[in-house]
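Take a look at the model below.

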Amino acid sequence: MKTKITNSEFEETFSSLTRMGERFASAKNTFELLKELNPETTTAQTHILVSELNKIQFSSNTNTVFYFYFPIVSHILYYKPEHEKDLLKYLIGPNFANGTSEVDEMIAMIKGAMEFKLKENEFYLTKESQFWVENELLKLEKAIQREIDLCWKELEE
């Protein structure tokens with residue numbers, strides 16, 4: 001019974017990805033690979049997941065883009081923190097575009113977004129994603145600064 005509850009919570013968290021998967025193979029593949037993600041997932045499998053996620057190229061306003069990627073990226077980074085260089089851009093870029101350009105502000109914004117969205121929908125983030133935001137995000141100050149610097153560089157080009 002517990003597995004069924006967990007599966008339905010997982011499906012609720014990634015329902016927008018599932019809906020998108022009806023039209024885009026990369027979104028469907030990302031969802032299927034996310035379902036299998038765990039600490040034993042191989043490097044090759046994780047690379048395929050990141051590649052499929054990158055193919056989605058979800059476009060909308062900056063807030064919607066951030067809120068679409070937030071559950072996916074934080075869930076992956078919980079299990080595979082070594083992929084922060086590939087994935088943090090999905091969290092940092094949209095918020096940089098909205099004017100957040102300091103590391104401490106970025107971390108506070110992401111934590112605040114988590115709290116805001118969880119009040120709207122208790123299944124917005126997986127338990128793993130919530131753990132990552134609360135316990136691991138702060139450890140990524142240098143990586144977040146790197147992403148902010150990349151955003152500045154792109155803006156200047």
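What follows starts with how far the model can be read.

This is a predicted model: local features need pLDDT of at least 70, side-chain atom pairs count only at pLDDT 80 or more, and totals for chains, interfaces and linings use all residues. Residues are numbered from 1 along each chain as its sequence is written, and side-chain values use heavy atoms, leaving out hydrogens and water. The chain averages a pLDDT (the predictor's confidence in each residue, from 0 to 100) of 93. Of the residues, 96% score at least 70. Residues 1-5 stay under 50.

Now the core. The largest nonpolar core has 45 residues. Such a core is a set of buried Ala, Val, Leu, Ile, Met, Phe, Trp, Tyr and Cys residues joined through side-chain atoms within 4.5 Å. Buried means under 20% relative accessible area, exposed over 50%, partly exposed in between, with a 1.4 Å probe and protein chains only. Helix 5 gives the most to this core, with 10 residues. Helices here are DSSP runs of H or I, at least four residues long, numbered from the N terminus. L17 is among the residues with the most contacts inside the core. Beyond four places in sequence, L17 is in contact with A27, T30, F31, L34, I56, F68 and I72.

Next, helix 9, residues 127-135. Its buried residues are S129, Q130, W132 and V133.

N95 is buried, with a relative accessible area of 3%. Its side chain reaches the backbone oxygen of L91 at 2.6 Å.

Finally, the rings. The structure holds 13 aromatic pairs. Rings of Phe, Tyr and Trp (its six-membered ring) pair if their centres lie within 6.5 Å; planes under 30 degrees apart count as stacked, over 60 as edge-to-face and the rest as tilted. Y67 and Y124 have ring centres 6.3 Å apart and planes at 75 degrees, so the pair is edge-to-face. Y67 lies in helix 5 and Y124 in the loop between helix 8 and helix 9, so the pair ties together parts 57 residues apart in sequence. Y67 is partly exposed at 23%, whereas Y124 is buried at 9%.

Terms used:
Helix = DSSP H or I, 4+ residues; strand = E, 2+ residues; numbered from the N terminus. Contact = heavy atoms within 4.5 Å. Polar contact = N/O pair within 3.5 Å; in protein donor to acceptor, adjacent residues only side chain to side chain.
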